[in-house]
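Subject: Structure handover

Hello,

Here is the structure I promised to pass on. Please open it and keep it beside this email while you read.

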Amino acid sequence: MTDRIGFWGLVLEDIRTAHRRDPAARSTLVIALSYQGVHAVWHHRVAHWLWNHGLKTYGRLWSQYARRRTGIEIHPGATLGRRVFIDHGMGVVIGETAVVGNDVLLFHGVTLGGTTMSPGKRHPSIGDRVVVGAGAKVLGPVHIGCDARIGSNAVVVKDVPDGATAVGIPAKIRNHPSDREASTAASAVDSGDSHRHPDPDAPPQSFEQREPAMYYI
C-alpha cells in the first residue's frame, strides 16, 4: 500500500499529517526542517527498507544515526503504518517486532517494548487511529485495538479492546467519559492521567512498594 504513492508521496503525506494534528504547526517548511518526530519516521522508512532487503547491518546503523539525530529510537525491524505522527518525540522507543497501524499518534516518552529476551514476536501491535499518551509503556506481544486510547504514564501489559481507554499502573480499561471527549486526542490523553483516576479497589501503596516494569527493546 505504501509503495503505490512512493517515498516522496509519503513524505508529503507525513507533513500534511503533522500540520493537521499539531495545532502549534506554523508552516510546511517548519515541519520539514524541524519536526524530529517526522524526521524519525522518514529515517525509519529507509532503515526498514535496508533491513527487509538483506542489509540488516546497514539498517541498524542507519537507525542508530537517526536515534542520535532525533532522540527517537525505532528498530529497523519494526513496522510503521501510514500517517503515524510522533509529537515532540524525545525518548520514544519502538522495538523490533512492534507493529504500528495507520493514523497512530504517539507522544514523547512512549515505549513499545518487550518483556522477554526470547526470539519471536515480543513487542506490541498497535491498531489504527490509536493515541498513546506521554510516558506510556506498552509491553510484550499485546494487541491494542483500533481507536483505543492509552493514558499518560500508563503501563499496559494486557490486550486493549477496540475503542477502549487504558489508564493506570498496571493499566485497566476505563470507559470514555463522553462521546465528545473521546473524539479528541487531547481529552483522551488528559483523561488517562493515572494519578487523577486511581483504582478504587486497590489498597494504598507506597512508592517503595511499587515494582518497576522491566522491558527490553
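Start with H88, which is exposed because its relative accessible area is 59%, over the 50% mark. Find H88 in the loop between strand 3 (85–86) and strand 4. Its phi is positive, about 65 degrees, although H88 is not a glycine.

One caution before going on: this is a predicted model.

Look for D103 in the loop between strand 5 and strand 6 (105–106). Is D103 buried or exposed? D103 is buried, because its relative accessible area is 18%, and the cut-off for buried is under 20%.

**The chain as a whole**

The protein chain has six helices and 15 strands. Of its 217 residues, 48% are buried. The accessible surface comes to about 11,700 Å². Carbon and sulfur atoms account for 57% of that surface. Now take the contacts between residues at least 6 apart in sequence: 37% of them join residues at least 24 apart.

T97 sits in the loop between strand 4 and strand 5. R122 sits in the loop between strand 7 (111–113) and strand 8. T97 counts as buried because its relative accessibility is 18%, under the 20% cut-off. R122 is buried as well, with a relative accessible area of 14%.

T97 and R122 are in contact with each other. What else does T97 touch, leaving aside its neighbours within four places in sequence? The list is G120, K121, R122, H123 and P124. With H123, the side chain of T97 makes a polar contact of 2.7 Å.

R122 has a polar contact too. Its side chain is joined to that of E96 at 2.8 Å. With neighbours within four places in sequence set aside, the contacts of R122 include G113, G114, T115 and T116. G140 and P141 are also among them.

**The cores**

The largest nonpolar core has 30 residues. Which residues have the most contacts inside it? They are I94, I144 and I150. Not counting residues up to four places away in sequence, I94 touches E73, I74, H75, A78, L80, L106 and L112. There is also a second, separate core of 13 residues. It includes A18, A25, F85 and V131.

**Back to the loop of H88**

G91 is found in the loop between strand 3 and strand 4, where H88 also lies. G91 counts as partly exposed because its relative accessibility is 35%, between the 20% and 50% cut-offs. Residues up to four places away in sequence aside, G91 touches G71, G109 and V110. G91 and T70 are 21 residues apart along the chain, and their C-alpha atoms are separated by 9.2 Å.

**A cis bond**

Where is the cis peptide bond? It joins I169 and P170, with omega about -10 degrees. P170 lies in the loop between strand 14 (165–167) and strand 15 (172–174).

**Confidence**

The mean pLDDT of the protein chain is 84. A value of 70 or more is reached by 79% of the residues. Which element has the lowest mean pLDDT? That is helix 5 (residues 179–182), at 46. Strand 4 (residues 93–94) has the highest, at 98.

Two stretches need care when you read them. Over residues 180–188, pLDDT stays under 50, and the model has eight contacts there beyond four places in sequence. Over residues 190–217, the pLDDT is below 50 as well. That stretch has 31 contacts in the model beyond near neighbours in sequence.

Best wishes

Methods
Residues numbered from 1 in each chain as written. Predicted model: local features only at pLDDT ≥ 70, side-chain atom pairs only at ≥ 80, totals over all residues. Heavy atoms only, no water. Helix = DSSP H or I, 4+ residues; strand = E, 2+ residues; numbered from the N terminus. Buried < 20%, exposed > 50% of the residue type's maximum accessible area, 1.4 Å probe, protein only. Contact = heavy atoms within 4.5 Å. Areas by Shrake-Rupley, 256 points an atom, 1.4 Å probe, with all protein chains shown as cover. pLDDT = per-residue confidence, 0-100. Polar contact = N/O pair within 3.5 Å; in protein donor to acceptor, adjacent residues only side chain to side chain. Core = buried A, V, L, I, M, F, W, Y, C linked by side-chain atoms within 4.5 Å.
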